[in-house]
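Have the model open while you read.

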Amino acid sequence: MIVDRLVLTPYEIPFAQVFSTASKHLQKRRGLVVELETEVGVGLGDMAPHPGLPDADWQDFLGTAQRVAAGLVGAKL
């Protein structure tokens, strides 16, 4: 099975109330919807960084995910 297409769509979901952890107060959840297409069909999923990561790491997460996705197109699963 070969990956024909892989699309990452960022999402951001605000919380109705602030969510507090031991080290952080979160107001939203960010991640990526993953759409992967092969000759067999289309699969959907999501991935998101750990909520405890600093906001600055979101760009690193996004950049890494985009590089990995680009490398998977054409790959055999």
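1. Where is arginine 29 found? Arginine 29 sits in strand 2. Keep in mind that this is a predicted model. With a relative accessibility of 25%, arginine 29 counts as partly exposed. Setting aside neighbours within four places in sequence, arginine 29 is in contact with Tyr11, Glu12, Ile13, Phe15, Ala48, Pro49, His50 and Pro51. As for glycine 74, arginine 29 is 45 residues from it in sequence and 31 Å from it in space, C-alpha to C-alpha.

2. Three strands make up an open sheet in the order 1-2-3, with antiparallel pairing. Strand 1 (5-20) and strand 3 (42-47) are at the edges with a single partner strand each, so one side of each has no neighbour in the sheet. From one strand to the next, the twist averages 20 degrees.

3. Now the pairing of strands 1 and 2. Strand 2 covers residues 25-37, and twelve bridges join strand 1 to this antiparallel partner. The two strands form a hairpin, with four residues between them. If you want pairs to click on, leucine 6 has leucine 36 of strand 2 as its bridge partner, and glutamate 12 stands opposite arginine 30 in strand 2.

4. The other pairing is between strand 2 and strand 3, antiparallel over six bridges. Leucine 32 has methionine 47 in strand 3 as its bridge partner, while valine 34 has glycine 45 in strand 3. This hairpin also has four residues between its strands, and glycine 41 there takes a positive phi near 155 degrees.

5. How many of the six residues of strand 3 are buried? The number is zero, so strand 3 lies largely in the open. Buried here means under 20% relative accessible area.

6. Next, the charged pairs. The structure holds three salt bridges. One joins arginine 5 to glutamate 35, with the closest N and O atoms 2.7 Å apart. That pair links distant parts of the chain, since arginine 5 is in strand 1 and glutamate 35 is in strand 2, 30 residues apart. Arginine 5 also forms a salt bridge with glutamate 37, where the closest N and O atoms are 2.8 Å apart. Here too distant parts of the chain are linked, with glutamate 37 in strand 2 and arginine 5 in strand 1, 32 residues apart.

7. Glutamate 12 is in strand 1 and lysine 28 in strand 2, 16 residues apart, and the pair links distant parts of the chain. Through shared partners, salt bridges join Arg5, Glu35 and Glu37 into one network. Glutamate 12 is partly exposed with a relative accessible area of 47%, and lysine 28 is partly exposed at 33% relative accessibility.

8. Last, the nonpolar surface. Which residues make the nonpolar surface patch of about 310 Å²? Met1, Val40 and Leu77 do. Methionine 1 lies in the segment before strand 1 and is partly exposed, at 41% relative accessible area.

Key
Residues are numbered from 1 along each chain as its sequence is written. This is a predicted model: local features need pLDDT of at least 70, side-chain atom pairs count only at pLDDT 80 or more; totals for chains, interfaces and linings use all residues. Side-chain values use heavy atoms; hydrogens and water are left out. Two strands pair if DSSP finds at least two bridges between them. Axes are lines fitted to C-alpha atoms, for helices over the stretch in contact, and angles run from 0 to 180 degrees between N-to-C directions. Patches are made of residues with over 30% relative accessible area and no salt bridge: like charges are joined within 9 Å, nonpolar side chains (Val, Leu, Ile, Met, Phe, Trp, Tyr) within 5 Å. Accessible areas come from the Shrake-Rupley method with a 1.4 Å probe; for residues, only the protein chains shown count as cover. A salt bridge is a side-chain nitrogen of Lys or Arg within 4 Å of a carboxyl oxygen of Asp or Glu. Buried means under 20% relative accessible area, exposed over 50%, partly exposed in between (1.4 Å probe, protein chains only). Contact means heavy atoms within 4.5 Å.
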